[in-house]
Amino acid sequence: MQRDEGADTASLAHEPGPEAVTMFRPGWRASAALVRGAFRTLVFGQALGQLGDGLTQIAFAQLVVFDIGRGASPGRIAGILAVTLLPFSIVGPLGGVLIDRWDRRRTLIIASLCRASLAAVAIAAAAWRSEVLAYAGVVLLLSSSRFVLDAKGAVLPRTVGARELVRANAISGLIGMTAAFIGAVGGAMFVSWSVMAGFLAGAGAYVAASACFARLPAVGGGTRTATVAAVVVQLARELRAGVAVIVRTPDLRRPLTAVSLHRLLLGAGFVLLVLVADQRYHLQASGYGLAIAVTGAAAVVGTVSAPWLSGRWPPPVLLPLAFLPPAAAVAVVGYAPSLASLVCAVAVAAVSFQSLKVIADALVGRNSPDEVRGRVFAIYDVLYNVAFVLAGLLMIPLWQLGREQALAWWLASGFFVGWLVMARMTRAWPFRPGRGDPRRGPGSWLRLRRAAPPPVPGRWWMRGAAFLCGAVVVIVFPRPTLWWAAWFVLTPWLIVIRRAPSAREAVVRGWWAAVGFLLAVHYWLLPSTTVFLAVIAALLGLLWLPWAALSWRLLSGELTPRRLAAALAVVPAGWVLVEAARSWSALGGPWGLLGASQWRAPPLLASAALGGVWLVSFLIVAANVAVTALVEASRWQTKAAAAVMVAAVVAVGPIWFALEPAPRGAATLSVAVVQAGVVPSPALRLSHEIAATDQLPPGRFGLVVWGESSVGFDLLSRPDLQRELEAVAGRVGADLLVNVDAATPTGAIRKTAVLLDAHAVLGTYQKMRLVPFGEYIPMRPLLGWLDSFTQAAAVNRERGKQIVVMRGGNLSFAPLICFESAFPDMSRTAVGRGAQLLVFQSATTTFQGTWAPDQHASLAAVRAAESGRPALQATLSGTTAAFDAQGRRLLWHPAATGTAVVDLPIAAADTPFDRFGDWVPATCIVAVALAVLVISLADARPAGRVDQGSQVDSLPEHAPLGRDGA
């Protein structure tokens, strides 16, 4: 059975190929009966060869990265990926041509012996510790493997009948992939103590493969039609024609774009896993083997799941949805970074990718014109391998130990953007009318076309109403302090979204409401930011667009109990994710979180001990969703369910407040806070603070705290001033915590908390989370001109590196500075490092007379309830406050000047939030991702048993063969 050149080139498709879809229908019993005779000999030799490939690849990784090199780095991993993957793309286009010119059986035998010889060269490279020789040997070795796999693809049709060809290719692909997986994982167990043993075992596997291939009968080849040079020139022309076909064929561009982008992101996750395993957990080659094991096992799961998925939903819907599970999984790693969570995330990404690739293989094979199908698959192969190598190269400038969380967030964002891009390309939800939309029509989707939707009567009135509905939410925060209104204040916002005639209009209304909310809650920034406050609110309001789309999708139309249950889970989860996203310090930080509004009611705030401020926000939004159902639902069953849910979510906090263990500890710390007020002169401010401190009764206090920017001189440059402050601490008989805001001798400006006693400096902490524009201008070369029109920082301040726990006497406490009191993770980290007390130094001199000082002080109550530690907010000129370990108020001093005194009970209780961290946002990510998956699949036309022309897993007989696990 002679193959043509197109079929040879088509054999470059990736393992296990589209035929893997059909193999599951006959069942494994029929497939097992196929493995006999020459086909059994062929796949057994293939398995031995790919077992050797796995062994030599893991030995090569150990040699280059850990034996010759000094550990894993993005550059070395990219080099390994290039050496192990690119030969398949470079040699592949020529393989089919040369194999048809040579005897195929002899090619299999000689190429296998060549691989054994090259493995011996790798042994020499290991003995001489030559990196260049190792790279050269492995490139040649894997290029030989490419020839073997191409020859195997050409031989296979001569070993089985034509009707069995699809199943035979699928069996060959899975066997090859499994053998390579066993070789890599098994080799990882011993190459760390002997690289030579890995190469020697690989050489033995290649020799055994050669002996196995020698038992094959004559299988063709030896046809000479043209010179190799002429064939290469013709091949280049044909590949260029293949690129042109892909560019002008949307049905080819979509799957190829999806696979390339997903492969790039999966490669980044693979490299991140190897780097973390080596540099954080010191697993060395075992970490590389772990990454291979995870992706290999996941590939099998993805291959098995692909036919089930393609049998129920159309492929255009599945292409974008393959990005959602890894986006959620990697985002969870951002909240809970560990080796286990990263392994699970990479596994999810690999399963999604393999399912996507099997479906994409089928789509490319079905939609490629027969005359260029081989060229299309050759290009597909290059994209497939280059994307993985490019991922390693992109990690070179990004990787640094300690950046794992940030890289996980960027990777999750990449998967999310990939979902949006592919949803737009395939017109999947939310970029097309949904079958399940209760008001399906020409305007019921998020169109990005230039044509405007039909005008809605009074739509601008409703958008104005949405703006007001968002602005009114500010009443739940200080100073209005109508905290109890938070449990229903979002209801008008939700109603205007629910009553929108289309998803697009709902999104627009959601944006207007978000802008109103942001302007109201940040109004005190207007003198500093001028007109740019509106620009900031407009940009941040974009974060609410997905939330508005989901809210409309779940709340519009008839509100049944089932839809209400979905809305109660998804709408609050979406809101929490919006709050979590805008809590990123570069976007301004977590100001105005709904959960923080409950600081005046400790029983309701108590749920923060379970899941942080995020859980309080979730419960508040859930109550608002239920109230919306009470107002809008027509069925009594829905109203009854909504009433029950309102009572349930409101009761969570009080129940935990009654049941939580009492804080442990009976010690009390007397603290004095000295407020100098708004004094522009640093010298005069310092003299006022020293005079006020000297008036305190000696020996009465354990700690005296000055506010943020209380010292305007660098203590390293002024040793005389340091001695004076030590003398002040000696006179008052207490440790003195001050805050230095000054330029160092190098010119860098820092904000530093400094703890002194009568003899020396006991500890320092430099502020880590700087206020955008207030303390630095992001991208100053581009945006530095803003300091001419606003009160933005004239010079960027320098960031600190880590949280510090200070110790004075028997007390350990963590000083945080100003806006850092708004970040839950910082207080939790401080508690994890042993802090018994949280101390926040603040100034708020710029915002006197506004609502900002009170709202800022209230955040200390939230941090206390979350962490189970007492908290103190000490200000230079704002509101000073103190709270016990359950968030109950002990001190509230709104005066701009003077001295405030409080006796703090140093009692602590380890809360669930301390132990489990940000599990609420992580759970919300999964909930929203599942909701989008369900909505997208529900809106798609179920595939069912479709006709032969549209069924993904029923391909023409000339469909390209799989690459057999290469």
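Arg 600 lies over the face of Trp 599, at 5.4 Å from the ring centre, where a charge counts as sitting over a ring if NZ of Lys or CZ of Arg is within 6 Å of the ring centre and within 35 degrees of the ring normal. A second case of this kind involves Arg 263, whose charged end sits over the ring of Tyr 384, 4.0 Å from its centre. The model is predicted, and local features need pLDDT of at least 70, side-chain atom pairs count only at pLDDT 80 or more, and totals for chains, interfaces and linings use all residues. Residues are numbered from 1 along each chain as its sequence is written, and side-chain values use heavy atoms, with hydrogens and water left out.

Rings also meet other rings. A pair of aromatic rings is described by the distance of the centres and the angle of the planes. Searching the whole structure gives 21 aromatic pairs, a pair being rings of Phe, Tyr and Trp (its six-membered ring) with centres within 6.5 Å, called stacked if the planes are under 30 degrees apart, edge-to-face if over 60, and tilted for the rest. In one of them, the centres of Phe 270 and Phe 388 are 5.4 Å apart and the planes stand at 55°, so this pair is tilted. Because Phe 270 lies in helix α11 (residues 250-280) and Phe 388 in helix α16 (residues 373-395), the pair ties together parts that are 118 residues apart in sequence; helices here are DSSP runs (H or I, at least four residues), numbered from the N terminus. Phe 270 is buried at 4% relative accessible area, and Phe 388 is buried at 7%, where buried means under 20%, exposed over 50% and partly exposed in between (1.4 Å probe, protein chains only).

Trp 524 and Trp 591 form an edge-to-face pair, with 5.1 Å centre to centre and 65° between the planes. Trp 524 belongs to the loop between α20 (503-521) and α21 (526-529), and Trp 591 to the loop between α24 and α25 (602-605), 67 residues apart. Both Trp 524 and Trp 591 are buried.

Key: Helix = DSSP H or I, 4+ residues; strand = E, 2+ residues; numbered from the N terminus.
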